[in-house]
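This briefing is meant to be read alongside the sequence and the coordinates.

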Amino acid sequence: MQKSIERIAGDSEGVSYEFPVFRFTGSDKAAPSAYLQAALHAGELPGVVAIDALMPALSRAAAEGRIRGNITIVPWANPIGRAQYHFGEHQGRFHLGTRTNFNRAFPLLAAPDTKLLPDTSFGGADQRLKSRLVQLSLGHDIVLDLHCDDEGLAYLYIHTSLWPAMADCAAAMDVDAVVLWSEDTDGTFEGASIMPYQNVPADVAKFDRRVATTVEYRGILDVDGALAKADADGLYRLLVARGVIADGALPAPGPFKGVVAPLENIDMMPAPRAGAVLYDVKPGDRVIRGDRLATIVHAPGEIDGRTEVFAPQDGIILTRRSRRIIRAGEDLLKLVGDRKSADARSGTLED
């Protein structure tokens with residue numbers, strides 16, 4: 001294993017940011033290569049501890065000569081967001097200088113060629129970071145961007161061009177659901193990982209072996225050793241199943257048995273009033289149309305001081321908020337419906 005340090009120039013003199021990159025060199029140039037990154041939203045740590053738990057298995061595989069394809073790992077992908085605090089509260093989702101989501105405004109290239117990356121000499125530090133992350137990941141057959149939600153199930157976002165070919169990956173990682181998407185106009189990292197291959201020859205696109213996904217590892221508080229070990233085992237199974245690592249003792253993944261739905265089926269459920277949220281449902285619950293999902297206490301102790309929110313259709317609760325205070329218009333939860341949402345205001349990725 002080799003470790004290097006990436007440095008990103010800041011936006012003023014004397015300021016710069018660093019993050020480590022770990023590389024394992026494979027023994028077979030024809031084998032698939034893999035890129036894993038975590039904490040692009042810098043406060044989302046389940047992926048960070050999953051990588052930490054994965055590293056000993058990778059080191060053992062390297063020592064035993066079982067790593068076939070090159071592996072690149074970035075366990076802390078966002079040093080800018082990691083350093084952002086406001087009045088003692090960590091702010092790792094948006095760049096405070098530009099108010100841009102760290103998982104937006106990635107360059108969507110027309111082909112997998114780093115020469116097409118924009119010149120960021122006069123851009124901000126966040127744009128330099130995003131350009132460098134794309135540069136590090138481009139060309140890998142497998143690209144995993146590890147995130148988490150507020151409170152939720154483990155699920156994947158997958159481009160429709162990669163499904164159902166990636167069903168083995170979902171099964172290997174033992175996730176609960178897959179959300180399929182087809183268009184990225186916002187420049188997510190996942191979009192930057194898959195869009196360059198949409199209009200290139202088949203021998204370059206290699207969709208039969210390509211993997212690109214945003215991994216949502218449950219909730220932001222789900223950071224503990226047992227979950228990290230389970231998630232690391234899932235990552236290892238994926239790498240073995242796709243031929244990056246050789247491990248004859250590991251069986252092939254079975255069929256994926258989780259929920260699969262298009263992004264258009266997600267109802268985000270905005271809060272009609274501000275107040276305290278009393279949930280009637282939790283992630284994983286099956287609901288039918290008309291079921292009460294939550295009650296918002298907007299005028300405590302008063303007659304008509306509560307507003308109830310009901311399911312607009314049948315479906316599965318995918319996520320909900322981790323905080324119980326809400327403003328009017330903020331999203332209460334993600335409901336994966338059995339049919340297309342009547343609201344359908346979700347973007348390529350809500351994350």
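In which loop does D304 lie? In this predicted model, D304 is placed in the loop between β16 (292-297) and β17 (306-310). Its backbone deserves attention, since D304 has a positive phi of about 60 degrees although it is not a glycine, and at 68% relative accessibility the residue counts as exposed.

**The open sheet**

- Nine strands make up an open sheet with mixed pairing, and their order across the sheet is β1-β2-β4-β3-β7-β11-β9-β10-β12.
- The edges are taken by β1 (2-9) and β12 (259-262), each of which has a single partner strand, so that one side of each is left without a neighbour in the sheet.
- On average, and with direction ignored, neighbouring strands of this sheet are turned by 20 degrees against each other.
- Within the sheet, strand β9 (residues 154-159) and strand β11 (residues 211-219) run antiparallel and are joined by five bridges, and Y157 stands opposite T214 in β11.
- As background to such pairing, strands of a sheet pair through backbone hydrogen bonds, either parallel or antiparallel.

**Helix α3**

- Helix α3 covers residues 125-137, and at 1.5 Å a residue its 13 residues should span 18 Å, which agrees with the 18 Å that separates its end C-alpha atoms.
- Ten of the 13 residues of α3 are buried, and the helix is therefore largely enclosed by the rest of the structure; buried here means under 20% relative accessible area.
- Just after α3, the backbone at G139 takes a positive phi of about 95 degrees.

**Backbone details in other loops**

- The peptide bond from W163 to P164 is cis, with omega near 10 degrees, and P164 is found in the loop between β9 and α4 (167-173).
- F87 has a phi near 50 degrees, which is a positive value in a residue other than glycine, and its place is in the loop between β5 (85-86) and β6 (89-90).
- With a relative accessible area of 78%, F87 is exposed, as exposed means over 50%.

Notes
Residues are numbered from 1 along each chain as its sequence is written. This is a predicted model: local features need pLDDT of at least 70, side-chain atom pairs count only at pLDDT 80 or more; totals for chains, interfaces and linings use all residues. Side-chain values use heavy atoms; hydrogens and water are left out. Two strands pair if DSSP finds at least two bridges between them. Helices (H or I, at least four residues) and strands (E, at least two) are DSSP runs, numbered from the N terminus. Axes are lines fitted to C-alpha atoms, for helices over the stretch in contact, and angles run from 0 to 180 degrees between N-to-C directions. The expected span of a helix is 1.5 Å times one less than its number of residues. Buried means under 20% relative accessible area, exposed over 50%, partly exposed in between (1.4 Å probe, protein chains only).
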